[in-house]
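Have a look at the structure below, then try each task before reading its solution.

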Amino acid sequence: MNMKNFDKIFLGAAMAAASVMGAQALELSDFVLSYRPYGIAATQKAVNGEYYYQKSPDGSKIYRIAYKNEADETPVFDSEELRDCKITDWDGYEMSADESKILLYTDTKMIYRHSFTADFYVYDVKSQRITKLTEEGGEEIATLSPDNQKVAFVKNNNVYIKNLADGSLTTVTTDGEKNKVINGVPDWVYQEEFGILNSLKWSPSSTTLAFIRFDESEVPMYSMPMYEGDCSPNKAYSLYPGSFDYKYPVAGEKNSVVSVMAFDLGAKRLSKMNLPISDEHYVPHIDFGPQDHQLMVSTLNRHQNDLRIYAVNPATAAATEVYAEQAATWIESETPNEVRYYDSFFVIMSEKSGYMHLYQYGYDGTLMKQLTSGNDNVTDFYGYDKARKQFFYQRTDGPLNRVVETVDAAGKVTTLTKGEGTYSAKFSSNYKYYIRTFSSQRVPNQYAIFNLNGKKVRDLQLNAEYAEKYTAAEVPHREFITVESDGYTLNGYIIKPADFDPSKKYPVIMNQYSGPGSQQVVNRWSLDWQEYFATQGFIVACVDGRGTGGRERAFKNAVYQKLGKYESIDQIAAAKYMASLPYVDGKRIGIWGWSYGGYEALMAMSTPGSNYAAGVAIAPVTSWKFYDTIYAERYMRTPQENPDGYRDGAPLDNYDKLKGKLLIMWGSADDNVHVINSMQYIAKLHGQGTQFDMMVYPNMNHSINGCGIRLPLYQRVLNFFKANLQSERLNIK
């Protein structure tokens, strides 16, 4: 089938089915609570490449399933058959390298947004016996060794190794202490901004364990008040508030001092690796190469524009530089964090050509080959098939689309997907099969298994029933547009009411995020509050301005040391474009955003030329001096180095220029964008007598989710925009 016609065929069938069922009135809850299409349970590839593993929906079983035939399904773990263990619902699992053991965990307790403690267990597939990792439980980042005989883990900030054969426990570190020293587990800012949760790395022979040590003793403490609350109330705080205290380095302040450590299991010796770095450096990634003497360590300077990769011999602690890259602005975290190490080379993603591409380097530091090229960006690297000598990856096809490709040793590129939309893939271990995910602006998520010849093996999930409900004519859909701003052509989308009447004048809500490297305007399925608001008589539009991703590096890096400036120019230009349309009421345009989007909503409303009548800022940064070192300094350097940029790019320093009605919202337990951002900002507004609306969510974090809060949150936003943007002459209820 020609995939370019697939959207039309699929949509036509879905709409026909919907018309037979009859139009159903959709509520806000359908969009913000029930709108997501079905996915598939997470899969783990089997060693032989013919099978994958998948947990049952109730978490009680793990199946081995053939890519070729779903009927070929074998349970390898069944909670009901366990002896001396009554747990029936597991939160997650990991197969050992030879699939003889399964590391499972339950009773997960979140620490930050992604990190957690849990009770870990090891299941022996052959004997069908299960053993708890430690009697007390509550471990972090448990990690199986390549020889499947040991598990390394962290508890109370210290590293331990459990020998599965005899049950013995080795203590690797003893200096771990809360808010002082963390071994193995990255600190808050590394987790949030480098995206790493586990630094424990085993050598190929399982005789050495390497990890990163974080000394956060000098990092300033941040304290958040905690209240009793109503959802899962904490009675200890019923009369006096408690607090959540942790180390959080704001821009210009001290970071953790990091060291790379290696533990020799035979000698029981812990050594610090001799890296040529200062206390100001970051170590965003470590991993072992193919040999025990190749501990590969990536480092970044504090400005994050000087990347080095070292091959370190754990036995001698000596380091040899094998890669170096400098940039005038910043180096994306994907570059150090997505390096893959193979037998005789490593593959790294880099923007040094002006676009993100793949490069092949030898361990002696020699560039062997630039694997991909052109004016598109590699957005994911899926790996290398040694048998076929092929590299697999995802790239942009123009800013809006994503395709899956392979390139061989001769440089021949083969595109595995056809047509517009967003494709991604998860390959089997032998690269014979892949689970393909596809969606477009008019086709909800679809999952199927394909082989390398491009033939579909079988469907996994087509979301047909979902499509019947949400692709009907009564549901508004996105149309792509372009907007001119300051000499640039920007990509955007517009959502019109399903009963759109071009003779009317509609109010507009501009939706945006705008953060560096982000992208809202992509040809993929999305259905959220925007589509529902369009059923309530609004036009919703979104434009990706300068600083966003999917395009050339220069477009993204234009915002360097000037966050908020060019984003605001482009958002105002987008609003003026909307005002120029004959069916838009130019006096009734609003702007919305969450996190960076909340920041940009305030910035745009405070920039000369703004014509926003109203705006909603949720969990907004109001000054980058309040935000963390890694993120803020990556784009702005420190406040001491760039005082003008911090001042000009701060809503807190431009509050007196604010135009339009404002609703500001935040969670009181936001460990990411702290309450101080909103409190200091509204104090300034109070000081000049500005009236505004606000909403605070006690004990809620940056996502303001859970406890049934999302539905009333969006209803509050909708009511605000109705009160401040809708015109009585539109006859919109």
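Here are some exercises on a predicted model, each with a worked solution.

**Exercise 1. Find the order of the strands in the open sheet of four strands, and say which strands stand at the edges and why one side of each is left without a neighbour.**

Step 1: Read across the sheet, and you get S5-S6-S7-S8, with antiparallel pairing.
Step 2: Look at the ends of that order. S5 (92-95) and S8 (129-132) each have a single partner strand, so one side of each has no neighbour in the sheet.

**Exercise 2. Work out how S6 pairs with S5 and with S7.**

Step 1: Start with S5 and S6, which pair in the antiparallel sense over four bridges.
Step 2: Now inspect the hairpin of S5 and S6. Five residues sit between the strands, and Glu99 takes a positive phi near 65°.
Step 3: Move on to S6 (residues 101-110) and S7 (residues 116-124), antiparallel again, over eight bridges. Here Lys101 has Asp124 in S7 as its bridge partner.

**Exercise 3. Describe how helix H8 packs against helix H9.**

Step 1: Take the angle and the distance: H8 (residues 565-580) and H9 (residues 596-605) pack at about 70°, with axes 9 Å apart.
Step 2: Name the arrangement. An angle from 65 to 115 degrees counts as roughly perpendicular, so that's what H8 is to H9.
Step 3: List who touches. H8 brings Glu567, Ser568, Gln571 and Ile572, while H9 brings Tyr596, Glu600, Met603 and Ala604.
Step 4: Sort those residues: four are nonpolar, two polar and two charged.

Definitions and conventions:
Residues numbered from 1 in each chain as written. Predicted model: local features only at pLDDT ≥ 70, side-chain atom pairs only at ≥ 80, totals over all residues. Heavy atoms only, no water. Pairing = 2+ DSSP bridges. Helix = DSSP H or I, 4+ residues; strand = E, 2+ residues; numbered from the N terminus. Axes fitted to C-alpha atoms, helices over the stretch in contact; angles between N-to-C directions. Parallel < 35°, antiparallel > 145°, perpendicular 65-115°, else oblique. Contact = heavy atoms within 4.5 Å. Nonpolar A, V, L, I, M, F, W, Y, C, P; charged D, E, K, R; others polar.
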